[in-house]
Amino acid sequence: MMKKVGASIAGGGLLATLGGLYATQGLLSGLVHEGLPVLLRARGIGLDKIGLLSLLFLPSALKFLWASRIDRLTAGQPEQSLRWAKHFQLFLLLGVLVLTLLPLESSLSAILLLLLILTVASVTQDIVVDGMAIQALPGAQRGLGNSMQIGGSYLGYILGGGMLVAAVGYLGWESGIRCLAALVALCGLPAWWLRRRRIVPVVPVVATTPSLKAAWRRSSIRWGMATIISCQASLRWFTAIMLTYLVDRGFAVVEIGLLSGAGVATAGVVGALLGGILLKRYRRASMLKASLIAHLSLQLAYLLMESQGWHGKILLASVFLLFCTTMSLGFVVLYSIMMDWASPTQAGTDYSLLQCTDACCAVVFGLAAGWATSRLGYGATFIITSALAFTGAVLAPRLYAKAMAGMASEAEIDADGKRETGPGMIVEAGL
């Protein structure tokens with residue numbers, strides 16, 4: 001009965017709520033990482049000052065440090081998570097409204113400070129929302145839940161980035177930020193509607209004290225982190241140079257803007273929805289292998305195009321959009337698997353640790369890609385990405401199997417010493 005209740009809610013209000021909350025985080029990410037740099041540069045702000053925006057990446061990479069505290073606040077209950085998510089949504093809305101009072105040209109320091117505070121609030125809300133999704137979504141619904149996460153994040157990022165730049169260009173800074181605030185308010189409406197519904201965890205949560213130490217003791221988390229690295233190494237290497245590759249192959253800035261804006265948004269949403277649908281039909285392991293093989297094929301396609309000098313814009317744009325679609329689908333698959341690995345007793349902590357592993361991959365392999373490509377050229381870097389993708393296609397399924405075997409052997413022990421069903425077991429039952 002408990003699982004049926006969770007599933008019925010997941011089929012409606014909960015999925016809409018997740019989509020809205022994840023879109024809010026995308027809106028702020030788009031503002032910080034895409035919209036604001038363009039707006040500042042257009043007003044003559046120096047690149048040294050714009051570079052300070054990179055500091056706003058830190059909360060996303062470090063959120064695992066305070067995730068266990070958030071899990072203690074929510075006590076493993078999705079209704080508590082929803083309540084805190086709404087508090088953060090209101091705080092983010094008020095913060096965006098405060099931005100309208102700060103002139104862009106003369107209040108850069110205050111804007112950066114405020115954005116840092118909002119970024120911390122946003123990634124903390126992300127911990128809460130991830131925990132709520134893991135606690136309330138049955139295994140069969142997690143693919144659709146991650147479709148809402150990836151699709152909502154893509155859509156929010158585009159609206160908060162390129163579309164915000166256009167709005168500010170036509171309406172001015174103050175009116176443009178008001179439009180952003182209206183979007184944040186709109187994204188929060190499903191959460192306010194859902195507050196009237198009772199959300200029942202799909203797995204009874206045992207009273208424990210969440211901690212990073214407890215997460216690290218679980219072999220499924222350790223093998224899961226290894227799986228993420230093997231899956232994401234090639235992807236994070238390539239995404240660091242994929243737009244500069246288009247620039248160096250003759251694409252105009254306007255053309256790249258269209259591809260990275262409307263093109264990526266469309267491809268991302270399509271890939272996210274496709275991933276969620278396919279995960280309802282096929283097993284996680286099969287989808288993981290398929291996404292890795294598709295990614296390897298595209299890396300080999302880039303290597304072939306570069307080695308043969310096939311630099312036609314239509315061909316490059318088509319492969320680029322296909323890559324973005326595949327990448328989005330792969331994120332849905334991997335993030336659904338990450339939800340399976342996370343224990344309901346400390347869902348936010350476990351999931352944040354896994355996400356931060358991916359963020360570290362982005363930093364390490366992104367820096368390596370820039371260094372190697374500048375010295376060795378695109379031909380060599382595509383050989384490296386193809387090798388990394390091949391290694392991932394071989395290793396990741398094996399590491400995933402080890403993580404799932406570790407999960408199957410783990411048991412949640414309550415205060416009476418009773419053996420509870422592990423989170424992975426109920427997930428696999430739904431496949």
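Two rings of Phe, Tyr or Trp (its six-membered ring) count as a pair if their centres lie within 6.5 Å; planes under 30 degrees apart make the pair stacked, over 60 edge-to-face, and the rest tilted. The model in these views is predicted, so local features need pLDDT of at least 70 and side-chain atom pairs count only at pLDDT 80 or more, while totals for chains, interfaces and linings use all residues. Residues are numbered from 1 along each chain as its sequence is written, and side-chain values use heavy atoms, with hydrogens and water left out.

**View A. An aromatic cluster with Tyr 245 and Phe 382 among its members.** The cluster is formed by Phe 238, Tyr 245, Tyr 302, Phe 323, Tyr 378 and Phe 382. The structure holds twelve aromatic pairs. Take Tyr 245 and Phe 382: their ring centres are 5.1 Å apart with planes at 80 degrees, so this pair is edge-to-face. Tyr 245 belongs to helix H12 (residues 242–248) and Phe 382 to helix H17 (residues 378–409), so the pair ties together parts 137 residues apart in sequence. Helices here are DSSP runs (H or I, at least four residues), numbered from the N terminus. Tyr 245 is buried at 0% relative accessible area, and Phe 382 is buried at 0% too; buried means under 20% (1.4 Å probe, protein chains only).

**View B. Trp 341 and Tyr 400, a tilted pair.** The ring centres of Trp 341 and Tyr 400 are 6.2 Å apart and the planes sit at 50 degrees, so the pair is tilted. With Trp 341 in helix H15 and Tyr 400 in helix H17, the pair links parts that are 59 residues apart in sequence. Both Trp 341 and Tyr 400 are buried.

**View C. Lys 313 over Phe 251, and Lys 402 over Trp 223.** The charged end of Lys 313 is 5.7 Å from the centre of the Phe 251 ring. For Lys 402, the distance to the ring centre of Trp 223 is 5.2 Å. A charge sits over a ring if NZ of Lys or CZ of Arg is within 6 Å of the ring centre and within 35 degrees of the ring normal.

**View D. Gln 346 in the loop between helices H15 and H16.** The loop runs between helix H15 (313–341) and helix H16 (347–376). Gln 346 is buried, with a relative accessible area of 4%. Its side chain makes a polar contact with the side chain of Asp 350 (2.7 Å); such a contact is a pair of N or O atoms within 3.5 Å, and within protein one must be able to donate a hydrogen and the other to accept it, with residues adjacent in sequence counting only if both atoms are side-chain atoms.

Key: Helix = DSSP H or I, 4+ residues; strand = E, 2+ residues; numbered from the N terminus. Buried < 20%, exposed > 50% of the residue type's maximum accessible area, 1.4 Å probe, protein only.
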